[in-house]
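Work through the exercises below with the model open. Try each task before reading its solution.

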Amino acid sequence: DENKDEGNDTEHHQKLQKSSSQNQQDSGLNSEGDPPEIVRIFSPLQIISAMTSALVHGGNDVANCIGPFVVINLVFQEGVVTSSHSFSPWYISLWGGAGISLGLIFYGKRVIMTLGSGISEMTPSRGFSVEWVASLVGLVFTATGLMISTTHCKVGGVIGAGLMQE
């Protein structure tokens with residue numbers, strides 16, 4: 001049954017790509033949806049924005065998912081949680097990173113396909129903008145100690161970029 005879902009996702013993605021390619025050919029744009037000079041500028045910048053995004057994702061979303069386990073561990077070890085404990089044991093952080101990695105391995109392709117073409121067609125310039133702004137918002141929230149989901153920031157950015165398309 002899961003293979004059936006994957007096949008449907010692939011067929012849907014191929015239909016989206018085909019209709020998008022036709023629209024781009026009609027408008028004189030290349031296969032990426034941006035003029036070639038824009039692709040040349042923003043493609044390398046996406047690498048930088050992806051690294052920033054990975055840093056923010058690790059610093060924020062992993063912390064969000066391991067927070068309850070850190071508290072449980074402190075209560076188990078000391079019987080109480082005080083404000084003087086502002087660290088998490090390395091092994092809980094490792095488990096959080098492993099959990100995020102497993103999620104990426106098992107569901108990453110589906111999420112990337114949905115964000116890249118299922119909600120709104122992404123181009124190098126739009127992808128850079130979405131990822132960079134989502135990372136900056138995530139960094140500000142992480143630095144202030146407020147919890148935020150980087151994934152929700154990116155989905156909001158993709159929707160915003162889609163609304164701003166011609």
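**Exercise 1: T52**

At 16% relative accessibility, T52 falls in the buried class. The model is a predicted one.

Task: Find where T52 sits and which residues T52 touches, leaving out those up to four places away in sequence.

Solution: 
- Step 1. Check the class. Buried means under 20% relative accessible area, and T52 has 16%, so T52 counts as buried.
- Step 2. List the contacts. Beyond four places in sequence, T52 touches W132, S135 and L139.

**Exercise 2: V75**

Task: Is V75 buried, exposed or partly exposed?

Solution: 
- Step 1. Locate V75: helix 2, which covers residues 36–78.
- Step 2. Recall the cut-offs: under 20% is buried, over 50% is exposed, and in between is partly exposed.
- Step 3. Apply them. V75 has a relative accessible area of 40%, so V75 is partly exposed.
- Step 4. Setting aside residues up to four places away in sequence, V75 touches V80 and V81.

**Exercise 3: helix 4**

Task: Describe the span of helix 4, then say which helices its buried residues pack against.

Solution: 
- Step 1. Take the span. Helix 4 runs over residues 124–144, 21 residues, and reaches 30 Å from first C-alpha to last. That is close to the 30 Å expected at 1.5 Å a residue.
- Step 2. Pick out buried residues of helix 4, among them F128, V130, E131 and S135.
- Step 3. Find the partners: the buried residues of helix 4 pack against helix 2 and helix 5 (150–163).
- Step 4. Look just past the end of helix 4. There G145 takes a positive phi of about 85 degrees.

Note on methods: Residues are numbered from 1 along each chain as its sequence is written. This is a predicted model: local features need pLDDT of at least 70, side-chain atom pairs count only at pLDDT 80 or more; totals for chains, interfaces and linings use all residues. Side-chain values use heavy atoms; hydrogens and water are left out. Helices (H or I, at least four residues) and strands (E, at least two) are DSSP runs, numbered from the N terminus. Buried means under 20% relative accessible area, exposed over 50%, partly exposed in between (1.4 Å probe, protein chains only). Contact means heavy atoms within 4.5 Å. The expected span of a helix is 1.5 Å times one less than its number of residues.
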